[in-house]
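Subject: Structure handover

Hello,

Here is the structure I said I would pass on. My notes on it follow below.

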Number of protein chains: 4
Amino acid sequence: MRAALLLRCVDRPGIVAAVGAFVERTGGNIVEADQHTDAAAGLFLQRVEFDVDATAAELRRSFAPVAARFGMDWAVHDLGERDRIALLVSRQGHCLADLLGRGALGELAGEIVVVASNHETHRALTERFGVPFRHVPDRGDRAAQERELAAALDGFAPDVVVLARYMRILPPWFVARWRGRMINIHHSFLPSFAGARPYLQAHERGVKVIGATAHYVTEELDEGPIIAQQVMPVSHRDDPGRLERRGRDLEAVVLAEALRLHLEHRVIVYGRRTAVFD
Amino acid sequence: MRAALLLRCVDRPGIVAAVGAFVERTGGNIVEADQHTDAAAGLFLQRVEFDVDATAAELRRSFAPVAARFGMDWAVHDLGERDRIALLVSRQGHCLADLLGRGALGELAGEIVVVASNHETHRALTERFGVPFRHVPDRGDRAAQERELAAALDGFAPDVVVLARYMRILPPWFVARWRGRMINIHHSFLPSFAGARPYLQAHERGVKVIGATAHYVTEELDEGPIIAQQVMPVSHRDDPGRLERRGRDLEAVVLAEALRLHLEHRVIVYGRRTAVFD
Amino acid sequence: MRAALLLRCVDRPGIVAAVGAFVERTGGNIVEADQHTDAAAGLFLQRVEFDVDATAAELRRSFAPVAARFGMDWAVHDLGERDRIALLVSRQGHCLADLLGRGALGELAGEIVVVASNHETHRALTERFGVPFRHVPDRGDRAAQERELAAALDGFAPDVVVLARYMRILPPWFVARWRGRMINIHHSFLPSFAGARPYLQAHERGVKVIGATAHYVTEELDEGPIIAQQVMPVSHRDDPGRLERRGRDLEAVVLAEALRLHLEHRVIVYGRRTAVFD
Amino acid sequence: MRAALLLRCVDRPGIVAAVGAFVERTGGNIVEADQHTDAAAGLFLQRVEFDVDATAAELRRSFAPVAARFGMDWAVHDLGERDRIALLVSRQGHCLADLLGRGALGELAGEIVVVASNHETHRALTERFGVPFRHVPDRGDRAAQERELAAALDGFAPDVVVLARYMRILPPWFVARWRGRMINIHHSFLPSFAGARPYLQAHERGVKVIGATAHYVTEELDEGPIIAQQVMPVSHRDDPGRLERRGRDLEAVVLAEALRLHLEHRVIVYGRRTAVFD
């Protein structure tokens with residue numbers, strides 16, 4: 001199988017040699033390897049992708065002593081396994097349509113198992129793709145809606161939750177449950193224009209470039225570790241409505257990119273940052 | 001000569017026809033025309049560039065009645081006239097070197113008449129290009145330094161003042177004196193990372209794109225109307241030092257671009273925004 | 001209604017004034033106007049968008065004398081009318097999925113009335129969106145397939161034909177029939193890597209940037225007037241397979257952008273070039 | 001000192017472990033490491049940067065057996081050593097001014113030791129920076145001029161030769177002499193618009209994006225391995241003169257970037273391609 005080993009530890013001499021020796025002992029052949037030393041933080045991060053005749057469980061057993069020696073945070077993934085993906089959406093459907101389309105064409109390294117929403121708007125679009133749709137409206141009790149939403153997801157046992165323009169703030173217990181596995185698309189180039197109505201804010205400030213940001217969700221709104229960002233030039237001709245329209249393409253592409261990086265196990269979070277080994 | 005007519009007024013029918021008729025009456029031939037209607041603000045903005053056998057003074061006289069009819073803010077410029085440019089700089093010299101180089105190659109539609117600085121650092125570089133250098137240090141009396149700086153500039157009667165990485169905040173009276181004619185380069189993609197040490201802020205936030213912003217200076221720090229912005233992708237590999245190094249190319253290019261747009265009379269400020277007719 | 005007037009003629013004084021006066025006579029209010037003078041070619045191009053209480057037919061009648069005076073090529077469009085769109089596709093479905101998704105979300109200023117293909121591959125995807133699918137295979141007689149394809153389109157009376165990764169070269173008579181109304185996406189930054197397998201060519205040449213190009217189809221393969229191009233940086237890590245995957249996002253976005261520009265009547269072709277008034 | 005080890009060999013298991021073990025034996029600490037496997041070519045490429053208490057000569061001796069075992073092409077560089085840089089230029093001075101400015105500010109990891117040209121145009125600019133200028137005109141005998149130019153360079157023993165808009169084709173013997181150490185800037189996005197007058201070609205083709213390409217010079221004109229490319233969007237408004245002006249910024253930035261990558265020993269050439277470990 002093809003395996004991905006991700007690790008993070010305090011930097012010191014010998015790590016690269018030890019990991020290289022480990023892969024050699026397994027009989028594996030490295031197809032991709034990338035590493036990063038954050039000198040200021042004294043941290044070493046590495047991702048190694050290798051072909052090997054062993055299971056993930058076997059690799060975990062044999063790597064554990066190496067990891068212990070260096071005090072690593074680490075994970076081994078079987079890249080052949082496909083993650084189960086849940087999508088949350090509100091009224092804006094462009095990211096949803098984009099991801100459903102990619103799923104239908106086999107372009108995602110995972111499977112969309114459910115779409116849940118606080119609105120009925122995109123039931124038809126979702127069901128066209130044979131994906132279950134769960135409508136979880138707010139009937140006046142916000143906490144109840146949040147519990148119901150979590151239960152709806154739980155029924156599908158997703159590995160990753162994607163907020164594909166889901167426009168409600170989720171409570172800390174919900175965020176904690178999906179820590180490191182919940183991705184949001186914010187329709188601005190964060191940290192510019194955090195919060196509501198970023199295109200209107202961008203227009204009022206008169207910026208010449210707009211952006212979109214995909215990030216892991218944390219308790220602090222719009223403050224989670226950034227996975228991917230892209231930008232496009234705009235001009236005075238772009239009123240808020242046109243910014244919104246033009247920005248939609250950015251949002252869909254950036255969110256799909258971030259999801260791909262996550263599904264391929266290319267992201268290591270450290271502090272408020274990510275290292276993306278792509 | 002080649003003239004540029006810039007105007008701004010409340011939008012209503014007939015403006016385009018009236019301006020077109022004016023140019024026709026002068027015997028001029030339009031080589032470039034661009035306009036913008038800000039529907040939300042109810043504003044009409046236009047720039048018309050035309051070849052004409054008349055002086056700027058004659059054009060101003062003949063256009064005044066048209067402008068009065070529509071209540072326009074307006075200006076006529078002779079594009080053959082070259083503006084006098086003053087540069088302010090502190091210790092970082094890359095924008096200075098870039099602009100001096102462009103000046104020496106005849107690429108600026110204006111002439112650099114003086115470089116002033118609170119440090120001696122770039123005297124040699126400046127004088128190599130035959131440009132006068134004025135050192136105006138802070139001897140412990142900030143207000144005195146500011147007055148001395150203004151006097152140093154006044155001696156050269158500049159039309160435009162460029163803050164080419166001048167790292168001191170200027171007082172309101174100084175800003176007011178050069179309103180609409182003082183351009184600053186901020187080394188981030190504003191409004192992200194306003195204030196001090198933007199590359200450090202960008203690194204700490206873990207952004208995947210950095211930028212640079214050239215704007216007119218107003219009393220509110222880093223809040224003036226944006227003329228030009230550019231961005232580049234970065235990654236976890238870029239520590240603050242490397243962000244700074246990579247950002248320097250952006251800063252120089254964006255500042256030169258903004259200066260060009262200003263010198264060619266392509267910018268109309270309205271509210272906190274600019275329309276750039278390029 | 002909202003009207004768009006597009007015109008092209010030999011440049012000479014008085015055109016702008018005459019067009020402005022025309023709009024004023026109709027009682028229209030200009031919401032957007034843009035023009036271009038190609039000095040080398042001696043050509044003047046203009047697009048004026050205005051709100052007016054008149055039909056397109058009435059506007060055509062009243063503009064005809066102005067057009068005649070200046071010898072204009074011109075057109076008036078009612079921007080409220082929605083074009084009928086036909087899509088041609090082969091085995092790669094990402095542009096198709098993207099356009100169907102946009103159509104379903106109401107983001108296209110037109111309606112997808114049919115998808116035709118030389119393969120059955122994307123029947124299910126298409127029919128999910130309630131759009132008719134026509135399979136027109138090559139049974140060994142190329143000319144017959146081409147005639148059958150044209151007939152399949154004719155049944156739906158499309159205004160514009162979009163080659164959304166249709167991988168067969170169309171004969172001159174087919175191209176002539178849709179001149180100025182058939183848009184192709186080429187998966188490279190033309191004129192680099194025209195012809196077959198552009199990602200393989202790009203990899204072999206070792207470029208650091210790839211692109212996608214949307215253009216009107218002409219008799220000369222990959223030589224038609226370019227409407228839109230976009231690019232992205234790549235590196236030695238991107239083998240042909242990965243270039244192809246990364247390029248798909250570019251292709252979908254560029255094709256959708258070109259189609260939008262066409263549907264909004266923002267493109268004027270002149271010679272081998274386009275002026276895009278956006 | 002800080003060392004860079006660059007290597008290239010047929011891919012097989014154990015290389016990473018062997019290199020890691022080598023660095024560990026030297027007592028070095030890896031600060032940056034990057035590698036690439038070209039699966040199609042069966043090639044493995046790696047760059048390792050490490051701090052070590054040894055000379056380059058000592059490292060070369062101790063690495064030689066490892067290299068021999070795997071049949072590597074390889075090099076060890078002391079990153080503290082500064083290369084000697086020669087610039088060739090013709091009439092366009094923007095790349096020259098940019099590099100001289102960077103040199104004066106200490107931004108180059110090397111020293112500009114001479115500027116040579118077939119024109120006198122930029123003597124003053126060069127000498128302002130205290131850099132020797134050699135005028136080597138063509139007096140009607142092309143071969144003689146080429147020999148004279150080579151001799152002028154030889155007198156300064158440069159490590160790298162930069163064609164900073166030197167507009168003459170150099171003969172094979174000249175190219176061979178500087179193989180892998182001579183960098184050219186071509187003012188287009190190669191392979192589009194190779195040869196003369198690329199901005200005119202770009203305008204005639206009506207492209208919507210232009211670019212600049214820095215590459216190692218080989219016997220085949222404009223066909224050498226590409227080190228860096230950048231692009232910018234353009235429109236129908238950009239006539240050939242304006243394309244040329246706007247492109248100058250791209251050219252200067254791309255050439256400086258390529259030179260930096262070369263001086264920091266971040267480029268490995270293989271076939272017609274480069275791997276750039278940045």
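Two residues are counted as in contact if their C-beta atoms, placed from the backbone, lie within 7 Å. With that, 100% of the interface residues of chain B are also interface residues in chain C, so these copies meet through the same surface. Before the rest, some housekeeping: this is a predicted model, in which local features need pLDDT of at least 70, side-chain atom pairs count only at pLDDT 80 or more, and totals for chains, interfaces and linings use all residues. Residues are numbered from 1 along each chain as its sequence is written, while chains are lettered from A and ligands numbered from 1 in the order in which they are written.

Chains B and C

Chain B is superposed on chain C by a rotation of 180° with 0.0 Å of shift along the axis, at an RMSD of 0.0 Å. Superpositions are by least squares on the C-alpha atoms of residues with pLDDT of at least 70 in both copies. Each chain is represented in the contact by 15 residues, 15 from chain B and 15 from chain C. On the chain B side, α1 (15-26) and β2 (29-38) each supply at least two residues. Helices (H or I, at least four residues) and strands (E, at least two) are DSSP runs, numbered from the N terminus. The most comes from β2(B), with 8 residues. By class, the chain B side divides into 7 nonpolar, 5 polar and 3 charged residues. Here Ala, Val, Leu, Ile, Met, Phe, Trp, Tyr, Cys and Pro count as nonpolar, Asp, Glu, Lys and Arg as charged, and the others, Gly among them, as polar.

Chains D and C

For chain D on chain C, the superposition is again a rotation of 180° with 0.0 Å of shift along its axis (RMSD 0.0 Å). The two copies are thus related as by a two-fold rotation axis. Ser192(D) is the residue of chain D that comes closest to this axis, with its C-alpha at 2.4 Å. The contact takes 27 residues from chain D and 27 from chain C. Two or more residues on the chain D side come from each of α7 (198-205), β10 (209-216), β11 (226-233) and β13 (273-276) of chain D. That side has 12 nonpolar, 8 polar and 7 charged residues. Here too, 100% of the interface residues of chain D are also interface residues in chain C, so the copies meet through the same surface.

Domains of chain A

Chain A is divided into domain 1 (2-78) and domain 2 (83-276), with bounds that come from an automatic or database domain assignment. Their C-alpha centres lie 31 Å apart. The contact between them takes 8 residues from domain 1 and 5 residues from domain 2. On the domain 1 side, the elements giving two or more residues are β1 (2-10) and β3 (43-51) of chain A. That side has 4 nonpolar, 2 polar and 2 charged residues.

A residue is buried if 20 or more other C-beta atoms, placed from the backbone, lie within 10 Å of its own, exposed if 12 or fewer, and partly exposed in between. Leaving out residues up to four places away in sequence, Ala164(A) touches residues including Leu87(A), Val89(A), Ile185(A) and Leu255(A).

In α7 (residues 198-205) of chain B, the buried residues are Pro198(B), Tyr199(B), Ala202(B) and His203(B). They cover an arc of only 140° around the axis, which puts them on the same side of α7(B); the arc is that of the directions from the helix axis to the C-beta atoms. Their cover includes β10 (209-216) and α8 (240-263) of chain B. Just after α7(B), Gly206(B) takes a positive phi of about 70°.

Backbone points to check

- Leu190(A) and Pro191(A) are joined by a cis peptide bond, with omega about 5°; Pro191(A) is in the loop between β9 (182-186) and α7 (198-205) of chain A.
- Asp222(A), not a glycine, has a positive phi of about 60°. With 18 C-beta neighbours inside 10 Å, Asp222(A) counts as partly exposed.
- Arg165(C), also not a glycine, has a positive phi of about 70°. With 23 C-beta neighbours inside 10 Å, Arg165(C) counts as buried.

Regards
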